[in-house]
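Here is a protein model to look at.

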Amino acid sequence: MAILKVARLGHPVLRAKALPVAKGDITSPRIQRLIDDMFETMVEYAGIGLAAPQVHEGLRVFVAGVRKAEVTTPMDDESDMPFITIVNPEIVPVGASISQGWEGCLSIPDIRGQVPRPDSIRLRALDRTGRRIELMAHGLPARVVQHENDHLDGVLFFDRMTSLDTLTYMDEFRRYWAKDDDET
Ligand SMILES: [Zn+2]
């Protein structure tokens with residue numbers, strides 16, 4: 001396992017469209033190692049999601065979550081999000097409810113901003129064994145999945161902000177905004 005270098009805002013890999021992984025390649029040593037390294041990198045930098053383009057791999061793969069646990073559906077705010085490995089995802093919003101919530105990004109260090117996202121989504125993808133999975137997600141897990149999925153299309157959370165008024169460094173976030181934050 002290895003901690004990978006994370007691409008930062010401005011690196012063209014973050015703006016490129018990632019390519020699907022062939023189903024038969026998912027269990028290859030190269031992709032399995034990439035997934036293991038992505039988890040190690042995400043945990044090292046205290047992230048809750050990391051997409052392959054962020055580690056300079058233009059593949060439709062992301063990892064997310066805060067603890068090793070069985071993945072059950074729906075994923076919601078009630079328990080800490082389990083570690084998930086998502087390959088070739090398709091995401092559709094469920095319902096019309098949209099909320100603003102704070103987001104950060106390992107590729108945009110030390111900055112947070114409020115991003116509107118659908119509250120509930122349905123996620124179809126392959127897992128790290130190449131098995132087809134379908135998950136419902138609400139609240140924070142839904143937000144994380146949408147943020148990571150955006151990375152696969154070269155989209156960053158700045159692009160989704162409807163106003164830049166809430167853009168803040170972490171020190172100022174803690175000082176002026178954290179009391180309004182119901183997610184952390
Ligand atoms: Zn990100």
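The questions below take these labels one at a time.

This is a predicted model, in which local features need pLDDT of at least 70, side-chain atom pairs count only at pLDDT 80 or more, and totals for chains, interfaces and linings use all residues. Residues are numbered from 1 along each chain as its sequence is written, and side-chain values use heavy atoms, with hydrogens and water left out.

Q: Why is His56 called partly exposed?
A: Its relative accessibility is 33%. Buried means under 20% relative accessible area, exposed means over 50%, and partly exposed lies in between (1.4 Å probe, protein chains only). His56 therefore counts as partly exposed.

Q: Where is His56 found?
A: His56 sits in the loop between β1 (49–51) and β2. Strands (E, at least two residues) and helices (H or I, at least four) are DSSP runs, numbered from the N terminus.

Q: What kind of peptide bond joins Thr73 and Pro74?
A: A cis bond, with omega about 5 degrees. Pro74 lies in the loop between β2 (61–64) and β3 (84–93).

Q: How do you know that β2 and β3 pair?
A: Two strands pair if DSSP finds at least two bridges between them. Four bridges join β2 to β3, and the strands run antiparallel. Val61 has Val87 in β3 as its bridge partner.
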